[in-house]
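The sequence and structure come first.

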Amino acid sequence: MFALVDVNSFYASCETVFRPDLRGKPVVVLSNNDGCVVARSQEAKALGIKMGVPWFKVRAEAEKKHCIAFSSNYAYYADMSHRVMTLLAQLTPRVEVYSIDEAFCDLTGLPLTTLEPLGKQLRETVRRCTHLTVGVGIAPTKTLAKLANHAAKTGRKTGGVVDLSATARQRRLMAHVPVSEVWGVGHRIARHLSMMGITTALQLADLPPAIARRRFSVVLERTVRELNGIACLSLEEFATPKEQIVCSRSFGEKTTDLDSVSQAICAHAERAAEKLRGERQYCRHVSVSVATSPFTVGETGYSNQATTRLTTPTQDSRDIIRAARQALARIFRPGHRYHRCGVMLGEFTCSGMTQYGLFDDTPPRPHSERLMQLLDSLNQRGRTIWFGGQGMPERPEIWKMQRKWLSPAYTTRLQDIPVVKA
């Protein structure tokens, strides 16, 4: 048995935890550079604000209806997510953190009569300790748990918890769920299924698995079996190793200056190297991409990518920054107003598998691992050490994000902790 626990409108809900005056009001959270809407409270959804819509297109109308916008506060959201996941780990035997706002909990072996009360306990504990509201879907497979969670969050009489341990309840719910809402069924597959007369989750569940595999893929066959209560997806307590690491971001304002783009590339390369060390991996490929805005009228668009392949796998920020700057030099073209750049690391190897060659022209640096460990430990307390290629603090960095409506880091920065006066 699985329980899928998902925080309702996570980013938007986080913004109201320390702002009780905003509860019940329309709230949206914007993407990097305050570009598009990436999270909406239920009240904002009721106003018709769509997910992914550019904020400048709907801002005037939304503000007339007293909608409040916030810039993305990633450090705050990550900390609130950690608090929720810690609570779930304390109350259930095993937990798979599926995303920043949802997790699968293993309830195997628990008596069926205790499942719904446990779901209500999870919901109440999270609400009491974090002031966030979660939906809980319980079922014998992950796919059914996803459907149960969707029903828990959208049904008015569910109380936020839906238990699908009984087959009859599973089929009753699936009869009312569009096939496009099934986990793993995308728009293209849903369109093909519709042409076959399959429009609900129940009709998909009744499709013979052999036909699903022959007409589509083994993935859809697995989905059909999961809808019939046969667990094909197990709980994954440990995340699988990443195959790529990407750090990319739009500029706060467009720039034609090579120094500004180079500073951004250095910052992205340093952050990517830090993530690489967190994965305990080494990389051989360092790719850099640059692009102008595709929406700028009257300007010639330009985008390009270049890769530097390292002779020796590395996790040293200095090697990765140097390789990134070499790649940037090959694709930077003067005269363009650049809107975005990024760094991607690839071809990973584990540290224990790294093989150095006798004639490597870039032998491993002495004390590299110790230096990087020291760098990471210092920067965990705040970004106190940086590389010169990122520019000096007193120089304005036009490539940095615009976050005009950033809320305080209530739980991660000492000066932002709310002060209560009696």
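A helix here is a DSSP run of H or I with at least four residues, numbered from the N terminus. By that assignment, α6 gives the most to the lining of the second largest pocket, namely 7 residues. The model is a predicted one.

The pocket holds about 1,200 Å³ of space. Its lining consists of 48 residues. Nearest the centre of this pocket lie Val-7, Asn-8, Ser-9, Lys-45 and Lys-153. Seven elements each supply at least two residues of the lining: the strands β1, β3 and β7 together with the helices α1, α2, α5 and α6. Their residue ranges are tabulated below.

| Element | Residues |
|---|---|
| β1 | 2–7 |
| α1 | 10–17 |
| β3 | 37–40 |
| α2 | 42–46 |
| α5 | 115–130 |
| β7 | 134–139 |
| α6 | 142–154 |

As for the chain as a whole, its secondary structure amounts to 14 helices and 12 strands. The C-alpha trace spans about 65 × 60 × 50 Å along its principal axes. Of the 422 residues in the chain, 45% are buried. Among contacts with a separation of 6 or more, 71% join residues 24 or more positions apart.

The chain carries 57 positive and 39 negative charges.

Conventions. Residues are numbered from 1 along each chain as its sequence is written. This is a predicted model: local features need pLDDT of at least 70, side-chain atom pairs count only at pLDDT 80 or more; totals for chains, interfaces and linings use all residues. Side-chain values use heavy atoms; hydrogens and water are left out. Buried means under 20% relative accessible area, exposed over 50%, partly exposed in between (1.4 Å probe, protein chains only). Contact means heavy atoms within 4.5 Å. Lys and Arg count as positive and Asp and Glu as negative; His and the chain ends are not counted. The place of a charge is taken as NZ of Lys, CZ of Arg, CG of Asp or CD of Glu. On a 1 Å grid over the protein atoms alone, a cavity is a set of points where a 1.4 Å probe fits but cannot get out, and a pocket is an open set with protein on both sides within 12 Å along at least five of seven lines; lining residues have an atom within 4 Å of a point. Grid points are joined across faces, edges and corners, and a volume is the space filled by probe spheres set on the points.
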